[in-house]
Amino acid sequence: MSKIDGVMSYYAELLNAELNKAIIADNNDYGILAEAMKYSTIDGGKRIRPILLLEFYKLFGGKSAEAVKFATALEMIHSYSLVHDDLPCMDNDDFRRGKPSCHKAYGENIAVLTGDALLTSAFEYASSVTDISPERVIKAINILASAAGINGMVGGQVLDILSINLDTAEGLKKMYALKTGALLKSAAMIGCVLAGGDEKIEHCQRYADALGLAFQIVDDMLDVIGDESKLGKPVGSDEKNDKLTFVSIFGMEKAKQTVIDLTVDAKNCIDEIGGNGEFLKDFADYLASRTF
Ligand code: GRG
């Protein structure tokens with residue numbers, strides 16, 4: 001196993017254990033909801049956002065084991081977005097993370113409620129941190145809420161589903177920055193503020209902006225050249241849905257080169273921060289060359 005695979009499987013275990021703690025139904029009458037929430041979060045996904053959060057926290061000298069609650073909350077919000085995005089009224093996808101999507105397994109009504117409960121429980125879990133200063137926790141919660149809401153992921157989803165200004169490169173990048181980038185950026189920023197590294201927050205934002213755009217371009221590339229069995233979802237959906245993507249606008253070669261350039265920029269930010277950021281640099285390379 002490569003070093004990066006080892007680190008990722010460590011985080012995967014950690015997140016599975018934390019999600020089990022975070023998702024609890026006090027009453028068995030609605031235990032089905034907890035089951036659907038766990039189905040949609042545990043044992044799946046690359047855990048990119050929690051990894052970024054915890055690695056930035058470490059980079060800035062954070063010591064509290066409770067930071068993992070924020071990492072878990074972030075993953076719950078990300079998972080809620082996937083559950084809702086797969087619904088028939090959105091992308092109508094039957095598979096997610098290699099298994100039937102939540103509404104296929106539990107029905108549409110429970111899938112809507114699963115997303116709702118993941119979103120709200122995420123804030124309950126993050127705000128239960130006790131050994132990080134309340135000022136830092138409030139700041140982090142504000143970053144998380146703002147990244148997830150109208151001026152972040154949900155706003156980006158609206159630009160996407162209503163195809164608002166997606167026929168220009170600028171419009172497309174704006175949609176990516178909100179829909180995909182905002183949550184990734186919040187991971188770096190939350191890690192930074194929880195550890196008290198605020199004076200370097202702009203470097204964290206720049207790293208995450210570059211990484212987020214590269215991540216989305218790779219996603220577009222994989223929709224053309226990816227392997228369905230590795231991705232755990234069908235490929236070719238952008239073309240099928242007549243969606244403009246970075247690849248359809250600029251072509252595959254320019255897309256590849258842009259990912260390389262963005263990755264170099266992300267790694268430069270880590271050098272500018274200083275300290276031991278080797279993992280975050282390796283992670284940028286890893287995400288740029290991902291095949292799933
Ligand atoms: C429906 C509120 C709402 C928002 C939807 C983020 C989003 C907005 C939808 C997700 C669908 C999607 C394909 C978005 C592009 C970003 C992306 C590639 C998400 C998948 O993230 P990964 O690769 O997923 O980190 P895993 O499964 O590894 O966690």
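In which helix does His78 lie? His78 belongs to helix H4, residues 67-85. The views below show a predicted model, in which local features need pLDDT of at least 70, side-chain atom pairs count only at pLDDT 80 or more, and totals for chains, interfaces and linings use all residues. Residues are numbered from 1 along each chain as its sequence is written, and side-chain values use heavy atoms, with hydrogens and water left out.

View 1. Helices (H or I, at least four residues) and strands (E, at least two) are DSSP runs, numbered from the N terminus. His78 is buried, with a relative accessible area of 11%; buried means under 20% relative accessible area, exposed over 50%, and partly exposed in between (1.4 Å probe, protein chains only). Not counting residues up to four places away in sequence, His78 touches Arg49, Arg97 and Leu183, where contact means heavy atoms within 4.5 Å.

**View 2. Leu33 in helix H2.** Helix H2 spans residues 31-41 and contains Leu33. Leu33 counts as partly exposed because its relative accessibility is 22%. The contacts of Leu33, leaving aside residues up to four places away in sequence, are Ile110, Leu113, Thr114 and Ala117. Between Leu33 and Lys200 there are 40 Å in space, C-alpha to C-alpha, and the two are 167 residues apart in sequence.

**View 3. Helix H1 and its covering elements.** Helix H1 (residues 3-22) has 20 residues and reaches 29 Å from its first C-alpha to its last, close to the expected 28 Å; the expected span is 1.5 Å times one less than the number of residues. Buried residues of H1 are Ile4, Met8, Tyr11, Leu15, Asn16, Glu18, Leu19 and Ala22. An α-helix has 3.6 residues a turn, so residues three or four places apart point the same way. Among the elements covering the buried residues of H1 are H2, helix H3 (48-59), H4, helix H6 (108-126) and helix H15 (278-288).

**View 4. The bend in helix H9.** Helix H9 (residues 169-194) has 26 residues and reaches 35 Å from its first C-alpha to its last, close to the 38 Å expected. At Gly181, H9 bends by about 60°; the bend is the angle between axes fitted to the seven residues ending there and the seven starting there. Gly196, which follows H9, has a positive phi near 80°.

**View 5. The second largest pocket.** On a 1 Å grid over the protein atoms alone, a cavity is a set of points where a 1.4 Å probe fits but cannot get out, and a pocket is an open set with protein on both sides within 12 Å along at least five of seven lines; lining residues have an atom within 4 Å of a point. The second largest pocket is lined by 17 residues, of which Ala177, Gly181, Ala182, Lys185 and Asp209 lie nearest its centre. Helix H9 gives the largest share of this lining, nine residues, while helix H7 (134-148), H9 and helix H10 (201-225) each supply at least two.

**View 6. The lining of the largest cavity.** The largest cavity has 16 lining residues, and Tyr39, Ser40, Arg96, Arg97 and Lys99 lie nearest its centre. Two or more lining residues come from each of H2, H4 and strand E2 (99-100).

Terms used: Grid points are joined across faces, edges and corners, and a volume is the space filled by probe spheres set on the points.
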